[in-house]
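This briefing sets out selected features of the structure shown below.

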Amino acid sequence: MNMKTTHTFVEIIRKMSHLHIVVGTLFVATIYVSFCNLAFAESSFLHVSDYTVSLFGKYLCYALLALAVDLVWGYCGILSLGHGAFFGLGGYAMGMYLMRQIGDRGVYGNAELPDFMVFLNWTELPWYWAGSSSFLWMVLMVFVAPGILAFVFGMLAFRSRVSGVYLSIMTQAMTYALMLAFFRNEMGFGGNNGLTDFKEIAGFSLQDPHTKLGLFVVTAIALAIAYWVSNYIVKSKLGAIITATRDAESRVRFVGYKPEYYKVWIFVVSAMIAGVAGALYVPQVGIINPGEFSPLNSIEIVVWVAIGGRYTLYGAIIGAILVSYAKTRFTAIMPEAWLFALGGLFVLVTLLFPKGIAGALPGVARRFGLDANTNDNKTNKNNAQSEEQGTLKAPRAGGQ
Amino acid sequence: MIVDKAGTPITATDNVQPDTRHGVILYVEDVSVSFDGFKALNDLNLYINDGELRCLIGANGAGKTTLMDVITGKIRPDTGKVNFGQQVDLLQLDESEIARVGIGRKFQKPTVFEALSVYKNIELSLAGDKGIWTSLFGKLTGEQRDRIDEILRTIGLTNEAFYMAERLSHGQKQWLEIGMLLAAEPRVLLVDEPVAGMTGQETERTAELLTSLAGEHSVVVVEHDMAFVRSIARTVTVLHQGSVLAEGSMSEVQSNPEVIKVYLGEDSGEDSGDDNSEGYPSESGEEYIEASSSKEG
Ligand SMILES: Nc1ncnc2c1ncn2[C@@H]1O[C@H](COP(=O)(O)OP(=O)(O)OP(=O)(O)O)[C@@H](O)[C@H]1O
Ligand SMILES: [Mg+2]
């Protein structure tokens, strides 16, 4: 009986795609965290604290961000070292809304102007703060602001066929420029203090544990949706075209596509996902400041994806969560050594598992007989796709 | 941008019908290309007739590949004109537009999309809308599936349909690239060294395929393998140092004194060691000349 249950369980796992596994895991984790947060008393060892809930929420935002980077880097070969810019813009869009929600509860008690503007002796809101008190407007801006930046950047860079290292450097410059701009008080985004002291979101107090739990759940849902969308994209013909562009851009042109526009498109979609990540991040950590635009942040995202394994989608999520967790643990002990540890981890993983953690997973699954290829009733398609099946003629030594 | 007679732009996805009333589909006139002062193409003139099969031969570095680069928009010539039919000026179009008006190309070094399956490689190459939203939401029609299956059969890769292209042998990649060319249903096929790395049998099949394509399509083949050229050629154009040296039937070209002189002058220069397919006699420059001079005698 027991044997049989195990067997069906294995069968089910074999039949699941990574989309099912990721969304399923997210679902189970969310239910578990919510239940343990709500149902058990703080003294119980099964209790998940409010702090932990927000921490997990933060990790999920990072996972969303890593997913965005994997879309452009893993699938399209665009090594963006500036995705922190899109994350930051999404975060600022949310931050502006949260600032306006404070209303007259600020230190200066000005119902119209956020504190830092009163402090700067401003008398009215700058034009670009118009609409920021509306929730819907905020949601729109979370997509539009990073989207426009990515579109303009992409049109400039990809149409003039900039790629490789030059492109990566340009993305670094982009996020660095934004950081410098947002540090300036005159920009109207709170200068180096950024936006903080938020009170509530859509009428729910941010101090309330239930709001925190709610934000965590919303983040998990956003991640699941983004995963589904990304999976749809990479499985579509468009996904095949961007992968082809990654490997042989000029060949794609000779087939009749305009790869530069495909690159712009995927770059914009990715920027929007990063923007959503930033927007969900801000209410959970309670602040957004120009430090989010720091070039180092953007490099860290790329390291998550490299460690987790690119070109798989789920690898990015694994990488972001594991590395962020390690960072939380590590910085609690020796904060100054974290960057060295991260660098070391990066080198180690790149040497031992060039395809990242996700690249090593199929081997593990095979050992436990969980992967689809060991299944006896495999479909023809799986059969042909599996690495083990079928023998190819050895490549002939060819001319040219 | 392509403009019709009234001056209104035609999008490249519209089926542009080249004007071939004069029987010529490709006009290459006075084209010169230089790389840092070195003239790779030198006032080259070439006319390809609608539906013909033309072979281009010439020693290494004669400019054959450069010519294809010019026609497909990869290289802009310094001077000259390149027209598709009488009206479409190819020099105004970029690579993807040229592909969409109906000029397909197989590269000298087989270039397929390595990380994609054989099936996907062909799917991407199918004629049709190349826009972003169609690619995102479009699904293959039954007709398109049949077409892909048919192409897979033609190129003999049905069993390999779901292999990643990187796992194919060199010869199979050549075939796949030919399949991609077929899928695009171009009016003109430019085929650069199709049989390099193929076995004798595969070479024969390629010869059959290319010959059968002529008529409906115009085919321009670059090849060093003289036995192969002889087996398919009707008209042969000899390129030398970036210009046309001779043009005519195989025997005419072989007996042309200029051609003989050039090939004699660089007897060791013509290397075809890389593409001698099994099953064909070795065809070095010297033997080639011997054959042609004995005809003269
Ligand atoms: N991008 C480039 N930069 C500089 N020189 C080039 C470039 N491309 C081609 N050439 C030169 O132009 C000449 C013509 O080259 P091309 O590739 O057209 O010759 P080919 O006839 O195709 O020769 P093969 O039979 O070896 O393929 C050669 O001398 C080559 O070195
Ligand atoms: Mg060549």
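Just after H7(B), B:Gly215 takes a positive phi of about 105 degrees. The model is a predicted one. B:Ala214 lies in the loop that links helix H7 (200-213) to strand S10 (218-222) of chain B.

- The buried residues in H7(B) are B:Gly200, B:Glu202, B:Thr203, B:Thr206, B:Ala207, B:Leu209, B:Leu210 and B:Leu213.
- Cover for the buried residues of H7(B) includes strand S5 (53-57), helix H5 (142-154), H6, strand S9 (188-192), S10 and helix H8 (226-232) of chain B.
- B:Ala214 counts as buried because its relative accessibility is 14%, under the 20% cut-off.
- Apart from neighbours within four places in sequence, B:Ala214 is in contact with B:Gly51, B:Glu52, B:Leu53, B:Val219 and B:Arg234.
- The C-alpha atoms of B:Ala214 and B:Leu189 are 9.4 Å apart in space, while the two residues are 25 apart in sequence.

**Helix H6 of chain B**

- Helix H6 (residues 170-183) of chain B has 14 residues and reaches 20 Å from its first C-alpha to its last, close to the 20 Å expected at 1.5 Å a residue.
- H6(B) is largely enclosed by the rest of the structure, because 14 of its 14 residues are buried.

**Chain B as a whole**

- Chain B contains 11 helices and 12 strands.
- Of the 297 residues in chain B, 57% are buried.
- Among contacts in chain B between residues at least 6 apart in sequence, 68% join residues at least 24 apart.
- The accessible surface of chain B comes to about 12,300 Å², and 48% of that area belongs to carbon and sulfur atoms.

- Most residues other than glycine have a negative phi.
- A:Asp197 is placed in the loop between strand S1 (195-196) and strand S2 (200-201) of chain A.
- With a relative accessible area of 51%, A:Asp197 is exposed, since the cut-off for that class is over 50%.
- B:Asp43 also has a positive phi, near 45 degrees, and its place is in strand S4 (residues 38-49) of chain B.
- B:Asp43 is partly exposed, with a relative accessible area of 47%.

**Nonpolar surface patch in chain A**

- A:Phe346, A:Val347, A:Leu348, A:Leu351, A:Leu352 and A:Phe353 form a nonpolar patch on the surface, and together they have about 600 Å² of accessible area.
- One member of the patch, A:Leu351, is found in helix H13 (residues 338-352) of chain A.
- A:Leu351 counts as exposed because its relative accessibility is 67%.

**Cysteines**

- The count of disulfides over all chains comes to zero, where a disulfide would require a pair of cysteine sulfur atoms within 2.5 Å.
- A:Cys36 counts as buried at 2% relative accessibility.
- A:Cys61 is buried, with a relative accessible area of 0%.

Technical notes: Residues numbered from 1 in each chain as written. Chains lettered and ligands numbered in written order. Predicted model: local features only at pLDDT ≥ 70, side-chain atom pairs only at ≥ 80, totals over all residues. Heavy atoms only, no water. Patch = residues over 30% accessible without salt bridge, like charges linked within 9 Å, V, L, I, M, F, W, Y side chains within 5 Å. Areas by Shrake-Rupley, 256 points an atom, 1.4 Å probe, with all protein chains shown as cover. Salt bridge = Lys/Arg side-chain N within 4 Å of Asp/Glu carboxyl O. Helix = DSSP H or I, 4+ residues; strand = E, 2+ residues; numbered from the N terminus. Buried < 20%, exposed > 50% of the residue type's maximum accessible area, 1.4 Å probe, protein only. Contact = heavy atoms within 4.5 Å. Expected span 1.5 Å × (residues − 1).
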